[in-house]
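Hello,

Here is the structure for your files. My notes follow below it.

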Amino acid sequence: MAKSEIREGAATIRRAVLSVSDKTGLVELARALAASGVELIASGGTRSAIAAAGLDVVEVADYTGHPEMLDGRVKTLHPRIHGGILARRDDPEHMKALESADMRPIDLVVVNLYPFEKTVARPDCAFEEAVENIDIGGPSLIRAASKNHDSVAVLTDPAQYAGFLDEFQATGGTDLATRKRLARQAFALCAGYDRAIAAYLEAQEAGDAGADDGEAFPKTLDLRFALRRTLRYGENPHQAAALYVDPAAAGPNLTTARILHGKELSYNNLLDLDAALRFIRLFDEPAACILKHNNPCGAAVAAAAAAAFEAAYEGDPVSAFGGIVGLNRPVDAAAAAAMCQPGRFLEAILAPGFDDDALELLKTKPSWRNSVRLVALGEPIGPASPSPSGWDLRRIEGGLLAQGWDEQEDDPTGGRIATKRPPTAEELKDLALAWKVCALVKSNAIVVVKGGRLLGVGAGQMSRLDSVRIAVSKAGEAARGAVLASDAFFPFRDGPDVAAAAGVTAIIQPGGSKRDAETVDACDEHGMAMVLTGRRHFRH
């Protein structure tokens, strides 16, 4: 479309105010505007970035005739700025008022806000720092431009720049439909920003008052997640589904990961990959897991990624077919070769990264027909990775349940040794692994581990005894000398009795049953060791 063919409702852009916290794409945007003769007005770091690119830019203080004050708290809050934005171009009195005050119309506002949510998400964020990250001038500019969208365009996200520039470079301006859409997005941004501030202050107030349960739940829970993409379908083909992003999330997660190869991730893939991520982030040493239907069927720790994967796969090769793999080390050639052995098929592989030779091998295995998804987190993962943000949420009909995330103990074997025999050093290592795996298994959960490898899982049974029977049956003869973890207490001694009969030598469980003494007596009778953690990990 030629610039002479500007559509009805289009507004020419002659002057722009820019004030951004996120400088992504700023210089490219400013360069394109300047090339079309748009006057650029900016302050602080925004002005410095534009000027460093060799572009002419007017300092806000020079434009308003008033220097910044109060340590930069007052910069753009000036009639010369807001008058230029808010003046109605179709009102002669407004335009006359601008002219008499020697003000000029401002046709484009480019603003993104101080990163309040990311700032307060940091564990070390002090209240004073949070307050200083409450943006005042930015929302004022955004609201002014959005209100006057009949004449003014507003950009609040670098992701909007490319589409805007396509239209601007074709027409010299923007049409009304574009400005309405940008205004709607801008008001939604400001509303979410204010909700985040209110929620933070409410949590601070609750903390100062002293919440009985140690958790500061807001009186109103406002959710603001950005749509990332729609998915092919949900858990089943007749269910629509979509992926939304938490703007406050920190650290590596599935919304920031890169899909290097394979089909689009499905709803079920994302659930399984998230469970895999929660497991591999628990370990400093190389660790691998394989999940099916959101339950681990394989898990192991070893000296290298390839050995960890191999041990995890051999724990239950039948269930591992078509599984979701998680590794907390980059996939190297040895790990890729183990995954590509004949007869093995994997649905998706999640890791911090993939070596070039490993990537080539995984992408070209003929029998997989290019179906395996290779998902790179892009950064290391481990116990030091940031905890999940916000609350763990689940819908019920008519409402929403909120709880804190089920974070695991730093030292799961540091609980009380209840039996006469303490665990051996090797048993303690396996008990720690078993406890971490067990927390990811659907309740009632029982897992059997030996030699740093998961051998058997009993998941989602209505009877804990049935879960024990399934787990030791899966382990088979390998259960002799193994350890067992239970996500909650044993209501009777029958579970430990079945475990002992299979050859299990040590158990880790929370305790807390009225019959704990009977369970301990059973372990003592069988010469087993038992650790009571005092903390359960139900997963419904």
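What share of the contacts in the chain with a separation of 6 or more is between residues 24 or more positions apart? The answer is 61%, with contact meaning heavy atoms within 4.5 Å.

Some ground rules. This is a predicted model, where local features need pLDDT of at least 70 and side-chain atom pairs count only at pLDDT 80 or more, while totals for chains, interfaces and linings use all residues. Residues are numbered from 1 along each chain as its sequence is written, and side-chain values use heavy atoms, leaving out hydrogens and water.

The whole chain: there are 19 helices and 23 strands (DSSP runs, H or I of at least four residues and E of at least two, numbered from the N terminus). The C-alpha atoms fill a box of roughly 95 × 60 × 45 Å along the principal axes. Of the 540 residues, 47% are buried (under 20% relative accessible area; exposed is over 50%, partly exposed in between; 1.4 Å probe, protein chains only).

Helix H12 covers residues 305-315. It is mostly covered, with 8 of its 11 residues buried. Among them are Phe309, Tyr313 and Gly315.

Now the surface. Leu221, Leu223, Phe225, Leu227, Tyr244 and Leu400 make a nonpolar patch of about 530 Å² (areas by Shrake-Rupley, 1.4 Å probe; patch residues have over 30% relative accessible area and no salt bridge, with nonpolar side chains joined within 5 Å; a salt bridge is a Lys or Arg side-chain nitrogen within 4 Å of an Asp or Glu carboxyl oxygen). Tyr244 sits in strand E9, residues 241-245. Its relative accessible area is 45%, so Tyr244 is partly exposed.

Best wishes

Conventions
Patch = residues over 30% accessible without salt bridge, like charges linked within 9 Å, V, L, I, M, F, W, Y side chains within 5 Å.
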